[in-house]
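Thanks for coming. I have one structure to go through this morning, so please look at it first and then I will talk.

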Amino acid sequence: MSTNPPDLRPDLAPKVRLDDTSPKARMDPNRRPGQPTIGMVSLGCPKALVDSERILTRLRAEGYGISPDYSGADAVIVNTCGFLDSAKAESLEAIGEALNENGRVIVTGCLGAEPEYITGTHPKVLAVTGPHQYEQVLDAVHSAVPPDPDPFIDLLPARGVSLTPRHFSYLKISEGCNHKCKFCIIPDMRGRLASRPAHAVLREAEKLVEAGVRELLVISQDTSAYGVDIKHAEVKGHRAHITDLARDLGSLGAWVRLHYVYPYPHVRQLIPLMADGLVLPYLDIPFQHAHPDVLRRMARPAAAAKTLDEIAAWRDVCPDLTLRSTFIVGYPGETEAEFQTLLDWMDEAQLDRVGCFQYENVEGARSKALPDHVPAEVKQERWDRFMEKAQAISEAKLAAKVGQTLQVIVDEIDDEAATCRTKADAPEIDGNLFIDEGFEALKPGDIVSVEVDEAGEYDLWGRLV
């Protein structure tokens, strides 16, 4: 099976496994005598990562310890991804590994929406639950490993359990999606759009910032549609609309980065907030393709030319705007001419950050039944050409930043350099800026000014100002 290189899968969060000793997985290895302990393997997108954090936080509140390895866990939860067939295969592999290493495994997440698919391969799993079914996961844990809390010892940290570094956090504002894209089964797995009340989102964000978070990464399946399902209700002075929410979040003093923003007309209302510095000048928009016929076969909006006009208007208001997007090549029926239209569109759009999938069939997706599937070797050849184009654009855009002074946030420090990100870079999916001299006093979460003195294809190097 042909799969997309992991470093170019923009939908993937970092895989958090039990033996991960990096700062990204802060699981407390200390265990009091007799304390029941659970391990976690979290796969898939940042939305799944938030689900894993919530499950672990609930378990910690009930007195469970969180194990950093298989052998120290009384049971293991595997939070799965089911977005593509390759992701399903990876999830089955992770379940098998947990069974081999531990033997007591509870499965949750998107692939859990197909329990027979899991139990057909791994009949010994203890339980299978679907995505964001927190109560069912807890019930399964209680059955497998009964809780035994000590109220004098088991104190939950103010921020709960985090699977990201302390200085940034994902903030999920809704579940599900109302789109009916033919290549996607997310609505079947996660349901229709269900927005959280704005005051609840803001309260969570306030607690995160109070706990030291310097960057909030706003995620959902369709961030632009936030609040549509609850008719943009206003509760406790906060309206459930993405523009209002972005403005409220921007008042907290942290970086605010918006992911998965569909280019609806009202998105233009966000751009002045970016120009004014309330929200990072960064939009993550899944365009998927540029040829109108391909977009129609995908059951997506097909006004690619109008989108170019919209991009130009955004950049007029906010010249520093960074645009990231993802695309699919080799979609059923895609002709060479349609693919060339995509390349030409890329030349005009000049997107800053780009990821690309080779189309994969997914069981249950309507695109599987479309005619004229593209041969694997053609998909690979088009993917190579697309990424060559995207890389050239990225290299030119980064070269233009040499000599500029940029604000960066420090992610990691080692003996050789400080690994940082500019406002144009989201964690894990975009580039980095490296400081390899005079960085010793820095620490993760610091926001500092750097003069860029070197650029590569995807990364920058600079010195502290």
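Glu437 counts as exposed because its relative accessibility is 62%, where exposed means over 50% relative accessible area, buried under 20% and partly exposed in between, with a 1.4 Å probe and protein chains only. Before I go on: this is a predicted model, in which local features need pLDDT of at least 70, side-chain atom pairs count only at pLDDT 80 or more, and totals for chains, interfaces and linings use all residues. Residues are numbered from 1 along each chain as its sequence is written, and side-chain values use heavy atoms, with hydrogens and water left out.

Glu437 sits in the loop between strand E18 (433–435) and strand E19 (447–455). Helices (H or I, at least four residues) and strands (E, at least two) are DSSP runs, numbered from the N terminus.

Next, two residues with positive phi. Lys231 is not a glycine, yet its phi is near 55°. Lys231 lies in the loop between strand E9 (215–219) and strand E10 (234–235), and it is exposed because its relative accessible area is 75%. Gln288, also not a glycine, has a positive phi of about 75°. Its loop runs between strand E13 (282–284) and helix H9 (292–298). Is Gln288 buried or exposed? Gln288 counts as buried, because its relative accessibility is 9%.

Finally, the whole chain. The protein chain has 12 helices and 20 strands. It has 465 residues, of which 56% count as buried.
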